[in-house]
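This note sets out several points on backbone geometry and strand pairing for the attention of a colleague. Please read each point alongside the model.

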Amino acid sequence: MYRYVGAGPAPPATSEATSKVMRRTRRVGTAPELAVRRALHRRGLRYLVDVAPPGTNRRRRVDVLLRGARIALFVDGCFWHSCPEHGQLPKANREWWR
C-alpha cells in the first residue's frame, strides 16, 4: 500500500520565467488525459472529470472517475513516475523534487 508523504511547502520559483511557465501548465485536459477519455467513451463508458471521489479529501482530485465501477484514474506523465527513459529531474531545486 502506498502512503502519501507531503514534500512540505514548495520552494520559490528560481526565476520569473519559471514562475510563468508553472502558472500556465494545464491541470486538466492534457493530451494523454484526452486520449484516455476518448478511448473510454468509444467503449461506451461514462465518467466524471476532475472530481474528488465521494468520501475522500476534497483536495485530492482524480482525472477520470468511473462511478459505477468505483474506479479512479490518475493520468500522470513520465516526470511523476520517474520514468528512466523520459523523466528528468529539474536542475533547479533538485533536492526538493527528489
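1. The model is a predicted one. In the hairpin formed by β2 and β3, four residues lie between the strands, and R70 adopts a positive phi near 55° there. R70 is not a glycine, and its place is in the loop between β2 (62–66) and β3 (71–73). Most residues other than glycine have a negative phi.

2. Is R70 buried or exposed? R70 has a relative accessible area of 76% and is therefore exposed, the cut-off for that class being over 50%.

3. A positive phi is also found at D50, where the value is about 50° although the residue is not a glycine. D50 belongs to strand β1 (residues 48–51). Its relative accessibility is 18%, so D50 counts as buried, a class that requires a value under 20%.

4. Which residues does D50 contact, once neighbours within four places in sequence are set aside? The contacts of D50 are R27, V28, R61, V62 and D63.

5. L65 in β2 stands opposite L48, and the bridge partner of L65 in β3 is A72.

6. Five of the five residues of β2 are buried, so this strand is largely enclosed by the rest of the structure.

Conventions
Residues numbered from 1 in each chain as written. Predicted model: local features only at pLDDT ≥ 70, side-chain atom pairs only at ≥ 80, totals over all residues. Heavy atoms only, no water. Helix = DSSP H or I, 4+ residues; strand = E, 2+ residues; numbered from the N terminus. Buried < 20%, exposed > 50% of the residue type's maximum accessible area, 1.4 Å probe, protein only. Contact = heavy atoms within 4.5 Å. Pairing = 2+ DSSP bridges.
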